[in-house]
Structures are given as structure tokens and as C-alpha cells.
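Please find below my notes on the side-chain contacts in this entry. They are set out as numbered points.

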Amino acid sequence: MKPEIIYEDEYMLAAIKPYGVPAQADHSNREDMLSILKNDLYDRSGKDEEPYLAVINRLDRPVSGIMLFAKSEEAAAKLSDLLQDRKIEKSYQAVVRGEVPEDEGTLTDWLLFDKKENVSRVVPEGTKGAKKAELSYEVLDILDTDEGTFTYLLVHLMTGRHHQIRCQLAHAGYPIRGDVKYGPEAGKNAGKTDGSQGVGKTGGPQSAGKSGGPQGAGKSGGPQSAGKSGGPQGAGKSGSPWAAGKGRRKNGGRKTPEIGLYSTRIVFTHPYTGEEVFLHREPEGSSFELLDAEDPDW
């Protein structure tokens with residue numbers, strides 16, 4: 001797969017992750033963004049050595065949109081510090097089931113990650129291992145369709161927890177369209193199984209306005225690198241030993257997992273040049289095509 005790179009300099013690059021592609025190698029053994037981009041860098045470099053690349057903002061597999069990568073350990077550390085200090089603004093566009101009554105709001109919850117089930121759950125404050133999760137949202141549109149009522153949201157992350165957007169919105173009663181892990185399609189709502197109350201819809205959004213919006217539900221921890229110390233991950237094309245090639249499966253005839261969540265905007269001050277980096281992409285995918293079909297003037 002040829003990656004779609006929307007920004008690149010000597011320190012970092014940003015690319016669009018398609019729906020269904022893992023951010024980095026996982027148990028599915030399918031081609032992943034990190035390997036795809038490292039393979040592309042190798043092909044373009046003309047050097048016979050593995051390029052360094054680290055994931056800065058991870059996106060869940062069924063989420064699409066902008067991902068940011070560091071091209072050196074130093075750049076990875078600097079970008080990770082910005083992320084931890086909440087100096088990288090991450091915005092998403094989401095299509096959720098139901099009608100969100102407020103034009104804008106904030107969700108504040110405590111999330112507990114269940115590693116065995118790979119889900120996060122809203123739990124009472126003070127629960128051992130739980131982490132505070134905050135996001136704000138703006139309502140962009142409300143549409144009645146043959147599938148029911150949907151609300152089109154612009155979401156801004158203040159924290160970056162595992163499956164945060166998906167879990168918090170489902171817990172609030174507005175699961176993301178197509179989400180089989182947290183939505184009604186799951187058979188059980190992972191975001192609501194603890195019986196916790198109080199979603200905290202207080203205050204308005206604390207970020208940029210409706211001019212666009214980008215993470216899907218990404219972890220905001222440190223960079224998840226697969227750099228020079230990572231070692232080979234199976235034979236790849238063009239001689240690169242780590243890339244998404246031999247031994248990596250493509251989706252084939254399987255339906256690509258896709259939910260109505262898109263990493264649409266990332267904004268931050270470049271840690272080397274001091275200039276503002278503004279990354280933006282309008283969302284793609286069946287959920288957003290549904291909106292276009294119902295409201296062609298949007």
C-alpha cells in the first residue's frame with residue numbers, strides 16, 4: 001500500500017491511516033501503518049539501513065485519519081513531551097447514534113482499561129487503576145435517516161485514554177455509528193457495564209471551532225517506536241526486512257472494520273522551528289457519506 005503523506009520534514013511526518021489498518025504491528029498480522037511508512041522511507045532514502053520511525057498519536061484499527069510520526073529519537077521525545085503537556089491539539093469528527101441535546105459540552109469520566117477484553121469502562125472516581133478522561137464536543141448537525149437519528153460531532157480530546165472517545169460517548173448514550181465494541185451492535189455496552197452515573201456535561205468545548213476538526217481514539221502516551229532497536233518483522237519489499245510485505249496479510253475479501261470516527265485535525269508548535277503546524281483533512285468513510293447523502297448542502 002502506498003501511504004498518503006500529508007506533511008513531512010526532516011523531523012517528522014504525518015499520514016492518513018485508512019480504516020482497518022493497524023497503527024502498528026498487532027496480533028492480526030496485517031500490514032500496519034508503521035511498517036508501511038518505514039518501508040516507504042527506506043525506498044526513498046537510498047540507504048541500506050532501517051529508518052527510525054515512532055508513532056506519536058495512535059489510532060484504533062476501525063478509525064481513520066491523521067497520524068503523526070517522529071523520524072528520530074530526539075524528535076519523538078520532544079513531540080511526546082508536547083503531547084503529555086497537552087500542547088498538541090487533537091480533534092475528531094464523529095457520527096453518533098441519537099440526538100445530542102446540547103450544542104456543546106464536556107464529558108469527564110474515570111476509565112478503567114480491561115486488558116483481557118481490550119475495552120475501557122467508565123467506573124467511579126477512586127477506582128484502583130482508573131484514569132481521568134476528558135473531552136469536549138460541538139454539535140455540527142443532526143440528521144434523521146432511514147437508519148435513525150444521528151448527530152454529527154466535532155470532538156476535542158483533553159486527555160488520551162484507551163478507546164476514550166468511543167467509550168465516553170457510548171456511556172453518555174451516544175455510541176459511534178458502526179462501533180461493534182461499544183455500540184448497540186456489541187450486544188453489551190462496554191462503556192456502561194459498571195453502572196456508573198454522572199457524565200459531567202458541564203461547560204463548553206475548550207478548543208478550536210467548527211472549521212474542521214482531527215484521532216480518532218488514540219493513546220496520548222509516549223511514542224510507540226519501532227526504530228533502530230526494533231529488529232526485523234519479517235521479509236518486506238524492496239529488500240527492507242521490517243516492512244509490510246511477505247508474512248503480512250492484507251484485508252483480502254474481509255469487510256474492512258470502520259466506525260464513524262475520523263482524526264481530522266492536529267495543531268501544534270513545531271518543536272524545532274517554532275512555527276505552527278496545522279494538519280487537517282476532511283473525513284471520509286461510509287458514516288460521513290451517509291451525512292452527505294442526507295444533507296448534500298453540508
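1. Burial terms. A residue is called buried under 20% relative accessible area, exposed over 50%, and partly exposed in between, with a 1.4 Å probe and protein chains only. By that scale Arg-177 is buried, at 13% relative accessible area.

2. Basis. This is a predicted model, in which local features need pLDDT of at least 70 and side-chain atom pairs count only at pLDDT 80 or more, while totals for chains, interfaces and linings use all residues. Residues are numbered from 1 along each chain as its sequence is written, and side-chain values use heavy atoms, with hydrogens and water left out.

3. Salt bridges, overall. The structure holds 13 salt bridges, the term meaning a side-chain nitrogen of Lys or Arg within 4 Å of a carboxyl oxygen of Asp or Glu. Helices (H or I, at least four residues) and strands (E, at least two) are DSSP runs, numbered from the N terminus.

4. Glu-147 and Arg-177. These side chains form a salt bridge, at 2.7 Å from N to O. Glu-147 is in the loop between strand S8 (131-145) and strand S9 (148-157), and Arg-177 is in the loop between helix H3 (164-171) and strand S10 (224-225), so the bridge ties together parts 30 residues apart in sequence. Glu-147 is partly exposed, with 41% relative accessibility, whereas Arg-177 is buried.

5. Lys-2 and Asp-40. The closest N and O atoms of this salt bridge are 2.9 Å apart. It links distant parts of the chain, 38 residues apart: Lys-2 belongs to the segment before strand S1 (4-8), and Asp-40 to helix H1 (residues 33-45).

6. Glu-8 and Arg-44. A salt bridge joins Glu-8 to Arg-44, with 3.2 Å between the closest N and O atoms. Glu-8 is in strand S1 and Arg-44 in helix H1, 36 residues apart. Glu-8 is partly exposed at 32% relative accessibility, and Arg-44 is partly exposed at 43%.

7. Network. Both of these pairs belong to a network of salt bridges that links Lys-2, Glu-8, Asp-40, Arg-44 and Lys-71.

8. Aromatic rings. Four aromatic pairs are counted, taking rings of Phe, Tyr and Trp (its six-membered ring) whose centres lie within 6.5 Å; planes under 30 degrees apart are stacked, over 60 edge-to-face, and the rest tilted. One aromatic cluster is formed by Tyr-19, Tyr-152, Tyr-262 and Phe-288.

9. Charge over a ring. The charged end of Lys-78 sits over the ring of Tyr-272, 5.4 Å from its centre. The criterion is NZ of Lys or CZ of Arg within 6 Å of the ring centre and within 35 degrees of the ring normal.
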